[in-house]
Amino acid sequence: MGAGISGFAAADSPSSSSPSLGDIPESCISTILMHFDPPEICKLALLSRTFHGASSADFVWETKLPSNYKYLVRKVLDENPDKLSKKEIYTRLSQPNRFDNGTKETWLDKRSGQVCVSISAKAMKITGIDDRRYWKQIPTEESRFQMVAYLQQIWWFEAIGEIEFEFPPGTYSLFFRLQLGKASKRFGRRVCNLEQVHGWDIKPVRFQLSTSNGQKALSEYCLYGPGNWVLYHVGDFVVEHPHTPTKVKFSMMQIDCTHTKGGLCVDSVLIYPSEFRERLKQVY
């Protein structure tokens, strides 16, 4: 790929007797660019004015957009998709966009154009969340939503949420993003207070999901990795029909009242294309 770009650049040099990039019809370049990933298209657009113009063609970017892009433009951008270029739509949807009063966020994976969703703790019903004896809202740069719910101590723990969303067809994985301990900065370094962490290694936490078309998944984990954010995989669900909203309900609970539990940060629920699972292990 790099050699090919170098060759193009040489051809565009004023001292070269070879035909320049400007001699190639824009429509031909656009057709070629359709076969590249979005980051590569953006790099090639820097080669010349012709490439820049060709890289803006609607039919190039429409092939990179998910099938539900018009739904996303209306829902999260609050725009008319017919009034925006396909390149602008891709660019704006690739950025994190909040919806549902800022409690949920969606974005496109910049390379594949697939849809990802994050749901904050504020969008969930959490046992005792309004009682400061049990919970605190902690600001943090480690969350997409700049805020996490921190559990000090409680006997009965349950967090429930749902989302109704038009996902493109495919298989999706749902995760809870949790951390044992309360992280902060001290002298510019990250430290994590583990003093209140207890009760999570006695009985496992039960995670569940269900969808409006009857799919269900259940998993159980004893929470682990104090001081680190961990993604707990709840299960997968399949979307088969385009342009059809899917309601996904999810929960986590530990309701054994023989012991208290505490010291837990609840950040969010993530819904990613299942093929990203290995990539997520490297990020979190």
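Biologist: Which residue in the turn of the hairpin formed by strand 2 and strand 3 has a positive phi?

Modeller: This is a predicted model, in which local features need pLDDT of at least 70, side-chain atom pairs count only at pLDDT 80 or more, and totals for chains, interfaces and linings use all residues. Residues are numbered from 1 along each chain as its sequence is written, and side-chain values use heavy atoms, with hydrogens and water left out. Strands (E, at least two residues) and helices (H or I, at least four) are DSSP runs, numbered from the N terminus. Six residues lie between strand 2 and strand 3, and the one in the turn with a positive phi, about 75 degrees, is Gly113.

Biologist: Which residue of strand 3 is the bridge partner of Thr106?

Modeller: Two strands count as paired if DSSP finds at least two bridges between them. Strand 2 (residues 104-108) pairs with strand 3 in the antiparallel sense, over five bridges. The partner of Thr106 in strand 3 is Val117.

Biologist: Which residue of strand 15 is the bridge partner of Ser120?

Modeller: Strand 3 also pairs with strand 15 (residues 264-273), in the antiparallel sense and over four bridges. In strand 15, the partner of Ser120 is Ser268.

Biologist: How many residues of strand 3 are buried?

Modeller: Buried means under 20% relative accessible area, exposed means over 50%, and partly exposed is in between (1.4 Å probe, protein chains only). Val115, Val117 and Ile119 point one way from strand 3 while Cys116, Ser118 and Ser120 point the other way, and all are buried. For strand 3 (residues 115-120) the count is six of six.

Biologist: Which strands are at the edges of the open sheet of five strands?

Modeller: The order in this sheet is 4-7-14-11-12, with antiparallel pairing. An edge strand pairs on one side only, and that applies to strand 4 (125-126) and strand 12 (216-221).

Biologist: What is the bridge partner of Ser210 in strand 14?

Modeller: Strand 11 (residues 205-211) and strand 14 (residues 246-254) pair in the antiparallel sense over six bridges. The partner of Ser210 in strand 14 is Lys249.

Biologist: Is Ser251 buried or exposed?

Modeller: Ser251 is found in strand 14. Contact means heavy atoms within 4.5 Å, and, leaving aside neighbours within four places in sequence, Ser251 is in contact with Ala159, Ile160, Phe176, Arg206, Phe207 and Gln208. With a relative accessible area of 9%, Ser251 is buried.

Biologist: Which backbone oxygen lies 2.7 Å from a polar atom of the side chain of Asn97?

Modeller: Asn97 is in strand 1 (residues 97-99) and is buried, with a relative accessible area of 13%. The backbone oxygen of Arg92 lies 2.9 Å from a polar atom of the Asn97 side chain. The oxygen at 2.7 Å belongs to Gln95.

Biologist: Where do Arg92 and Glu88 lie?

Modeller: A salt bridge is a side-chain nitrogen of Lys or Arg within 4 Å of a carboxyl oxygen of Asp or Glu, and the side chains of Arg92 and Glu88 meet in one (3.5 Å, N to O). Arg92 is partly exposed at 27% relative accessible area, and Glu88 is partly exposed at 33%. The two are four residues apart, about one turn, and both lie in helix 7 (residues 86-93).

Biologist: How many residues apart in sequence are the parts that Arg177 and Asp267 tie together?

Modeller: The side chains of Arg177 and Asp267 meet in a salt bridge (2.7 Å, N to O). Arg177 lies in strand 8 (residues 170-180) and Asp267 in strand 15, so the separation of the parts they tie together is 90 residues.

Terms used:
Polar contact = N/O pair within 3.5 Å; in protein donor to acceptor, adjacent residues only side chain to side chain.
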